[in-house]
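Let's take a walk through a protein model together.

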Amino acid sequence: MSTVSGAYGKGGTPDTTTRPTKSAVRNVQEQMAAWKNVDYTLIPIFSILIGGVTVFLIALTVGDWDYWADWRDRRWWPLVTPFSLIIPAAIFNYFFWKRFRLPIGATAMILGYMFGVWVSRYMNFHIFANFPMNFVSPSTFIGMGLLLDCTLALSRSFFLTGLVGAFLFAIVLYPLNWVTMAPFHVPVEYNGFLVTVADLMGYQYIRTAMPEYVRIIERSTLRTFGEAVTPLTAFFAGFVTLLNYYLWVWIGSILTQNRWLTRLI
Amino acid sequence: MKTMKHIRYGSWGALALAMLLTLVGPFYSPAAEAHGERAQQASLRMRTMHWFDTEIQPRKVAVNETVHVTGRFMPSQWWPEHIRSVEESAFMNIGVPGPAFLRIDSRVNGVPMIRSTRFHLGKTYEYDVLLKARAPGRYHIHPVISVEGAGPIIGPAFWVEVTGDQKDFKHTITTMTGNVINPETYAMSTILWWNALWFVIGIAWLAWWFRKLPVIMPRYIKVEELGDDANQLITIPDMIVSALFFGFVMLVIAGGYFWANYQYPITSVLQTGKVEVEPLPQPPQMVEVEVNKATYRIPGRSFQVEMTVTNRSPRPVQVGEFNAANIRFINNKLLNVKAQEKDDLVAATGLRVDNPPIQPGETRTITIYADDALWETYRLTSLINEPDGRFAALLMFFDDQGTRYMQEIGGPMIPSFG
Ligand SMILES: [Cu+2]
């Protein structure tokens, strides 16, 4: 580690005089080339790997709320999803900032996740299980990761990133996905019932293992707020996501301490 | 070093496995393989739902053609105490592997079953589920009552063969706004361009930070060197670009939201709730049955029930069928019922009734014997190993004109080993 740091002197300009003598890297050009290779390999691998882990995490915690168009309700999906997704977002937002001063952790993780989840939905839900792709397409979260990373770049403070970025991370989920949800919330009259396109597709495309009553739709005791359900849920989700962000930045700070890193390398 | 590598490969393997499980995890259809019902506890199968008059027609269709799944069921009065009752929350379901069929309509006693409902113990219900074939294949179709907290109660099945090509499948939904949509592809282009747009914006953000390589190693070193002053690595152009991205992202989100509201001005929220369905009117009870003793003789695979029967009907009656856990034991001296196909659970000669018909007004003690290898095949014998070893079954009497009188019987079952 020390030889490498010596090779890229104090002001950031390469110092050829202190280059390692017994190394595969013999000059600055080769050093730069080797470092470029680090970028070429590390970033895609990181994104795919962390994205895959996040696919796993979201499957375990959000699960059906994100699998099906007829599960994205106003109350649970916009609460459970950001609360869960902020965990890897906070860790990698922290890690890339702390180690590289790069405000890219959340976006890179979510890009990897989106790639993985599209492959998963397409292969498993569409090709294998034969559901129409529109009914099982994932929600998009990329805008949420960008807001978190941009806030960090602008504020350079985890406190402010939590307060503004993590809060926005949660509350934009619903409007961000309304573009692809609205078509499925168009009302349909079916045998004297008012249903949405999503409800009707959920009924017609048979899921033997998912009887109607297992959908956790709008289950809550706080029904008195009437029309204000969506903004109220969003505000509440913003608040808990903010707290969860702080928690996982703190955990991330323990997980990404130098001693782990040096031990790994 | 070698062990280190092994550990690393090991954890990579575990991770890969975990990811694989995530990918295939959500598919757990109990009806994917035929006769998942065999796996259920015998007492659950016997004492939950009595299915009868099951019919699935036609058995051979092309893509786009429809199939009716019809029949009747009666929730058992001996419903097990240790599982949630069908009187709380239940859903009329269909057991097929995935959306090979579309459920166009489903009714119980004429009431549409898009919602969950509840059924009453000991009452009779009549169902009719209309399916439209979507994917070619051969399917074992079961009517299913899903009971909240108790799981699927699977009814008798028949094989249906679907011919043709899924590419020819056609289906439309007419919305209340007057649009006729094709649910197979509906809004897919919107989903694709919206997702693609965000991928582009996300990648553009990464491209800004990686516009001049190498980045990772030099920045790592500089952050180490600068320590508390590392924030100076974020330059003024970085700040400007971050502010632009922040504003642009907010703008795109707001723009998308208003665009969607403009495109789809009339929307509703996901619907849920319950419907109520009245049971069929109960016919007056013409045949009364009281079980005296029920024994299962293990060596002979013979289930025998001694009971006292009172005939209040105007004509002589005889036991024609004993229906337990979806298996129909038939008294072949009275009825000619044969298995329609290999997996049709009919024991055509499985019910032995030695007594003569019971005359009008007569009360008599009779014994019936349900003997068939199906007891073993369908693991009903495991009843003797269960904590609450009681049985329940549907007994069908017929008079000399073919009128059917049904009576549910049940009670403790005593095994006999000799
Ligand atoms: Cu089957």
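Two strands count as paired if DSSP finds at least two bridges between them. Keep that in mind, and remember that what you're looking at is a predicted model.

With that rule, look at chain B and find an open sheet of 5 strands, ordered E17-E16-E15-E20-E21, whose pairing is mixed. Its edge strands are E17 (346-347) and E21 (404-412) of chain B, and each of them pairs on one side only. Further in, strand E15 (residues 317-324) of chain B runs antiparallel to strand E20 (residues 390-399) of chain B, and 6 bridges join the two.

Chain B has another open sheet of 5 strands, and here the order is E1-E3-E7-E5-E6 with antiparallel pairing. Which strands of chain B stand at the edges of this one? They are E1 (49-57) and E6 (111-112), each with a single partner strand, so one side of each has no neighbour in the sheet. Strand E3 (residues 66-75) of chain B and strand E7 (residues 125-133) of chain B are antiparallel and joined by 8 bridges. Along that pairing, His68(B) faces Leu130(B) in E7(B).

Strand E19 (residues 363-371) of chain B pairs with strand E14 (residues 302-311) of chain B over 9 bridges, in the antiparallel sense. Thr308(B) has Thr365(B) in E19(B) as its bridge partner. E19(B) is also joined to strand E18 (residues 351-353) of chain B, again antiparallel, by 3 bridges. There you'll find Arg352(B) opposite Tyr369(B) in E19(B).

Now for the helices. Two packed helices are described by the angle between their axes and the distance between those axes. In chain A, the axes of helix H4 (residues 77-100) and helix H11 (residues 229-255) come within 8 Å and cross at roughly 30°. That makes H4(A) roughly parallel to H11(A). Their crossing is right-handed. Among the residues making the contact are Phe83(A) and Ile87(A) of H4(A), along with Phe236(A) and Trp248(A) of H11(A). What kinds of residue make up the contact of H4(A) with H11(A)? There are 15 nonpolar, 6 polar and no charged ones.

Another helix pair brings the chains together: helix H5 (residues 105-128) of chain A packs with helix H3 (residues 188-209) of chain B at about 145°, with the axes 10 Å apart. This crossing of H5(A) and H3(B) is left-handed. The contact includes Leu111(A) and Trp118(A) from H5(A), and Phe199(B) and Trp205(B) from H3(B). By type, the residues of this contact of H5(A) with H3(B) are 12 nonpolar, 3 polar and no charged.

Finally, check out some backbone details. Most residues other than glycine have a negative phi, and most peptide bonds are trans. Asn130(A), though not a glycine, has a positive phi of about 70°, and lies in the loop between H5 and helix H6 (133-136) of chain A. In chain B, the peptide bond from Gln57(B) to Pro58(B) is cis, with omega near -10°. Pro58(B) belongs to the loop between E1 and strand E2 (60-62) of chain B. Leu213(B) and Pro214(B) are also joined by a cis peptide bond, with omega about -5°, and Pro214(B) is in the loop between H3 and helix H4 (216-226) of chain B.

Definitions and conventions:
Residues are numbered from 1 along each chain as its sequence is written. Chains are lettered from A and ligands numbered from 1 in the order in which they are written. This is a predicted model: local features need pLDDT of at least 70, side-chain atom pairs count only at pLDDT 80 or more; totals for chains, interfaces and linings use all residues. Side-chain values use heavy atoms; hydrogens and water are left out. Axes are lines fitted to C-alpha atoms, for helices over the stretch in contact, and angles run from 0 to 180 degrees between N-to-C directions. Helices (H or I, at least four residues) and strands (E, at least two) are DSSP runs, numbered from the N terminus. Angles under 35 degrees count as roughly parallel, over 145 as roughly antiparallel, 65 to 115 as roughly perpendicular and the rest as oblique. A crossing is left-handed if the near helix is turned anticlockwise from the far one by less than a right angle, and right-handed if clockwise. Contact means heavy atoms within 4.5 Å. Ala, Val, Leu, Ile, Met, Phe, Trp, Tyr, Cys and Pro count as nonpolar, Asp, Glu, Lys and Arg as charged, and the others, Gly among them, as polar.
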